[in-house]
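Reader: I am new to reading protein structures and would like to learn how to look at one feature after another. Could you take me through an example?

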Amino acid sequence: MDKAQAQEKIKSLKELLNRFAHEYYVLDKPSVPDSEYDQKLEALRQLEEQFPELITSDSPTQRIGGEPLEGFQKVQHSIPMLSLGNAFNEQDLRDFARRASQGTDKPLSFVCELKIDGLAISLTYEDGKLVRGATRGDGTTGEDITSNLRTIKSIPLSINEKRKIEVRGEAYMPHKSFLALNQVREENGEELFANPRNAAAGSLRQLDPKLAASRNLDAFLYGIGEWEADVVSSHSERLTQLKELGFRTNPEWKKCDSVEEILEFVEYWTSERPNLPYEIDGIVIKVDDLETQEDLGFTVKSPRWAIAYKFPAEEVVT
Ligand SMILES: NC(=O)c1cc2c(N)ncc(C(N)=O)c2s1
């Protein structure tokens with residue numbers, strides 16, 4: 001096979017493998033058995049070994065990078081990643097909805113989403129390639145953890161959007177990964193992680209991407225920061241756009257047209273929470289209309305158009 005033929009074959013294998021990975025890790029609906037994925041991946045590895053100059057950064061063989069880093073570079077968020085104000089009870093939620101409705105004369109609808117208990121992340125794509133992954137940090141300055149976020153298999157290394165786009169979400173450790181990790185640590189006499197959030201944070205702070213890869217993290221994306229494209233008019237449409245762009249979004253969101261509907265959603269997930277395969281520490285409620293979000297703006301540190309309802313702290317059974 002000459003180089004031109006190899007290039008064609010590598011291109012088609014990458015497209016096929018990235019589609020299989022999307023079906024498996026993002027949609028949770030694999031269309032081929034693992035054995036077929038593994039066989040195609042091995043074929044790609046061999047071709048790339050034969051023609052290393054044809055290796056590209058978005059190849060599935062490139063998820064786990066090279067040598068461990070010396071340290072993490074600081075990165076600036078062009079649009080701050082803000083923290084949310086908290087609500088702890090029904091009255092707080094009613095007050096939030098009332099304040100929001102006073103900021104506009106439009107009828108108000110909200111979007112309720114599960115508040116994933118992980119680590120806020122930002123992913124930047126340029127010319128369709130993942131060029132940067134960062135932690136939230138203090139909201140304006142985060143840390144470049146691109147090599148670790150590349151190891152999360154549900155995060156696409158390339159997307160079809162060629163304009164620069166920055167998406168935001170939460171990296172987290174599923175319960176299954178957390179239990180398995182602590183079991184190994186217990187067998188090795190190591191200190192256990194207190195909860196999945198600490199385990200995810202500890203994993204993403206590893207300088208060696210091979211270690212981060214071994215922790216079986218996952219991520220949900222839920223927001224768009226910077227984007228050169230014309231955005232849509234509501235947050236709910238934005239969630240659909242994220243999914244269409246190939247990102248893994250959390251399906252349990254609901255559009256609510258009243259405080260009563262918000263309270264129902266909160267009540268439902270307060271009881272359903274233990275049945276989720278990942279940790280959530282609350283419910284995020286956002287005004288759906290993006291123009292109204294603009295009208296409402298921000299306080300010193302948080303948006304007026306969103307709030308985090310926090311579940312009551314669980315009694316620790318000693
Ligand atoms: N600090 C924040 O702005 C957010 C934090 C989180 C979180 N931990 N989980 C889900 C969402 C969401 N779906 O919007 C948000 S938004």
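Author: Let us begin with how a helix pair is described, for which axes are needed: an axis is a line fitted to C-alpha atoms, for helices over the stretch in contact, and angles run from 0 to 180 degrees between N-to-C directions. Please keep in mind throughout that this is a predicted model.

Reader: At what angle do helix H1 and helix H2 pack, and how far apart are their axes?

Author: Two packed helices are described by the angle between their axes and the distance between the axes. Here helix H1, residues 3–26, packs against helix H2, residues 34–50, at an angle of about 145°, and their axes are 10 Å apart. The crossing in which H1 passes H2 is left-handed.

Reader: Which residues of H1 and H2 meet?

Author: From H1 the residues include Ile 10, Leu 13, Leu 17 and Phe 20, while those from H2 include Tyr 37, Leu 41, Leu 44 and Leu 47. Sorted by kind, the residues of the contact of H1 with H2 are 13 nonpolar, six charged and no polar.

Reader: Let us turn to sheets. In what order do the five strands of the open sheet lie?

Author: Strands of a sheet pair through backbone hydrogen bonds, either parallel or antiparallel. In this open sheet the five strands follow the order E2-E11-E10-E3-E9, and the pairing is mixed. Strand E2 (86–87) and strand E9 (254–256) are at the edges with a single partner strand each, so one side of each has no neighbour in the sheet. Strand E3, residues 110–116, is joined to E9 in the antiparallel sense by three bridges, and within this pair Phe 110 stands opposite Cys 256 of E9.

Reader: Which helix packs on the sheet and touches E3, E9, E10 and strand E11?

Author: That is helix H9, residues 259–272, whose direction makes about 20° with that of E3. Helix H8, residues 235–244, lies across E3, E9 and strand E10 (280–287), and runs at about 50° to E3.

Reader: What is the order of the open sheet of four strands, and how are its strands paired?

Author: Its order is E5-E4-E7-E8, and the pairing is antiparallel. Strand E5 (129–135) and strand E8 (218–227) stand at its edges, and because each has a single partner strand, one side of each is left without a neighbour in the sheet. Neighbouring strands of this sheet are turned by 25° against each other on average, with direction ignored.

Reader: Which residues are found around the ligand?

Author: Among them are Leu 82, Glu 113, Ile 116, Glu 170, Tyr 222 and Lys 286. A nitrogen atom of the ligand lies 2.9 Å from a backbone N or O atom of Ile 116, and a nitrogen atom of the ligand is 3.2 Å from a side-chain N or O atom of Glu 170. An oxygen atom of the ligand is 2.7 Å from an N or O atom in the side chain of Lys 286.

Reader: Finally, what is the phi of Asp 127?

Author: Most residues other than glycine have a negative phi, and most peptide bonds are trans. The phi of Asp 127 is positive, near 55°, and this residue sits in the loop between E4 and E5. Asn 216, which is not a glycine, also has a positive phi, of about 50°, and Asn 216 belongs to the loop between helix H7 (209–214) and E8.

Terms used:
Residues numbered from 1 in each chain as written. Predicted model: local features only at pLDDT ≥ 70, side-chain atom pairs only at ≥ 80, totals over all residues. Heavy atoms only, no water. Pairing = 2+ DSSP bridges. Helix = DSSP H or I, 4+ residues; strand = E, 2+ residues; numbered from the N terminus. Contact = heavy atoms within 4.5 Å. Left-handed = near helix turned anticlockwise from the far one by under 90°. Nonpolar A, V, L, I, M, F, W, Y, C, P; charged D, E, K, R; others polar. Near = heavy atom within 4 Å. Polar contact = N/O pair within 3.5 Å; in protein donor to acceptor, adjacent residues only side chain to side chain.
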